[in-house]
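Look at the model shown here before reading on. Keep it open while you work through the text.

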Protein chains: 2
Amino acid sequence: MRILLIGASGHVGRAAQDALAERHEVIAVSRSTAPAVDTTDEASIEALFAEVGEVDAVIVAVGSVPFKPVEELTRDDYRAAFLGKVLSQLDVVRIGTPFVRDGGSFTLTTGILAREPIATGAAASMANGAVESFVIGAAPELPRGIRINAISPTVLAEATGYHDAFPGFAPVASDVVGLAFVRAVEGVGTGRVLALD
Amino acid sequence: MRILLIGASGHVGRAAQDALAERHEVIAVSRSTAPAVDTTDEASIEALFAEVGEVDAVIVAVGSVPFKPVEELTRDDYRAAFLGKVLSQLDVVRIGTPFVRDGGSFTLTTGILAREPIATGAAASMANGAVESFVIGAAPELPRGIRINAISPTVLAEATGYHDAFPGFAPVASDVVGLAFVRAVEGVGTGRVLALD
């Protein structure tokens, strides 16, 4: 398969790449690659797909959201969380659908905050829940047998800088995260949220 | 209790009002009441709370989202869904928190599309999922014992105009929806999504 991996520089993106690169052609892009992409800019997404062309699968492992106590979150913070984590991924699906081959797939990235709270995580929870329900709602209407799923991991074992923010959460190993991407890309499921708690 | 009900003119708002008005003082507002409120405009929300003052509970039963096949949904449609259903409710929480008495509550309104797809419902699914996960994420951080929950009904029995869009979904009676609001307002739960499937 020819797989476009957007967000290759993060922990989740690397886990996906490590799990898929041996058996597939993985085009791994980020803000600092050539081609580069900024998923908050629809023109940048359009330019990426115009350059890359047809693919069998698109993986999106991007998303920045503000982390603040709920009483400090502003209207702009919520808008930034929506743009950075939700609209960015939805725009990749919207703009990328014509470039995905029949029976291909999108795999988006969410996280455990959709279903579990942590301190300062309310905006992140909102954004993750938005993407997960979008996957459920959009799956039946995507054309030509194109599938869509979300990988929703807890904190990654390799992301040690975040472990203190997830007290008592058992971190998930990168190879387990990678397997979930393999299942989403090579499997048959659609409209699924693959939770890795 | 003194309860501010925003979105009193819709089916869900009326169900909440019918269930609560006998035992509580319900201040029921919408776009066309006096005072009026437009929840997409933060200045309008601020003016509402300044006029109403302290309350024990806030119920939000608003939210308009575009319904279109997923291939026709535009970037502006997703932004409209976020503003109309998500940011509007989050802004009521953000602006309204100082006006809610110790141990009071917010009750937001979502719906079954957060977890079940219907045709043309992808943007609505996204918006509902965003609000439900926000409730989970925000609940532990609200100050002074203030609680927050979401009521997430399937299509309402009285909303007959929507029944064709929900084939095979058993509609929920308005008094059952009303009971869920009673449970959220008078009960002790927080961070809960009360699903009425």
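This is a predicted model: local features need pLDDT of at least 70, side-chain atom pairs count only at pLDDT 80 or more; totals for chains, interfaces and linings use all residues.

Residues are numbered from 1 along each chain as its sequence is written, chains are lettered from A and ligands numbered from 1 in the order in which they are written, and side-chain values use heavy atoms, with hydrogens and water left out.

**The interface**

Start where the chains meet. On chain B, 38 residues are in contact with 38 residues of chain A; contact means heavy atoms within 4.5 Å. The area buried between the two chains is about 3,100 Å², and carbon and sulfur atoms give 66% of that area. Buried area is the accessible area (1.4 Å probe) that two parts lose on being put together, summed over both.

The rule finds two salt bridges across this interface. A salt bridge is a side-chain nitrogen of Lys or Arg within 4 Å of a carboxyl oxygen of Asp or Glu. D91(B) forms one with R75(A), and their closest N and O atoms are 2.6 Å apart. Which elements of chain B give two or more residues to the side that touches chain A? They are α3 (75-96) and α4 (122-138). Helices (H or I, at least four residues) and strands (E, at least two) are DSSP runs, numbered from the N terminus.

**The cores**

The largest nonpolar core has 97 residues. Such a core is a set of buried Ala, Val, Leu, Ile, Met, Phe, Trp, Tyr and Cys residues joined through side-chain atoms within 4.5 Å. Buried means under 20% relative accessible area, exposed over 50%, and partly exposed in between (1.4 Å probe, protein chains only). Y78(A), F134(A), Y78(B) and F134(B) have the most contacts inside this core. F134(B) touches residues of both chains, including Y78(A), M126(A), L90(B) and I148(B). Another core, of 23 residues, lies apart from the largest one. Among its residues are L20(A), A57(A), V172(A) and V177(A).

**Two buried residues**

S152(B) is found in strand β5 (residues 147-153) of chain B. S152(B) is buried, with a relative accessible area of 0%. Its side chain makes a polar contact with the side chain of E132(B) at 2.6 Å. A polar contact is a pair of N or O atoms within 3.5 Å; within protein, one must be able to donate a hydrogen and the other to accept it, and residues adjacent in sequence count only if both atoms are side-chain atoms.

L156(A) is found in the loop between β5 (147-153) and α5 (174-186) of chain A. L156(A) is buried too, at 6%. Its C-alpha atom is separated by 9.7 Å from that of A15(A), 141 residues apart along the chain. L156(A) touches V172(A) and V177(A), among others.

**The backbone**

Most residues other than glycine have a negative phi, and most peptide bonds are trans. The table lists departures from this.

| Site | Feature | Value |
|---|---|---|
| A34(A) and P35(A) | cis peptide bond | omega about 0° |
| A34(B) and P35(B) | cis peptide bond | omega about 0° |
| T120(A) | positive phi | about 70° |
| R144(B) | positive phi | near 55° |

P35(A) is found in the loop between β2 (25-29) and α2 (42-52) of chain A. T120(A) is partly exposed, at 24% relative accessible area. R144(B) is partly exposed at 37%.

Definitions and conventions
Lists of a residue's contacts leave out its neighbours within four places in sequence.
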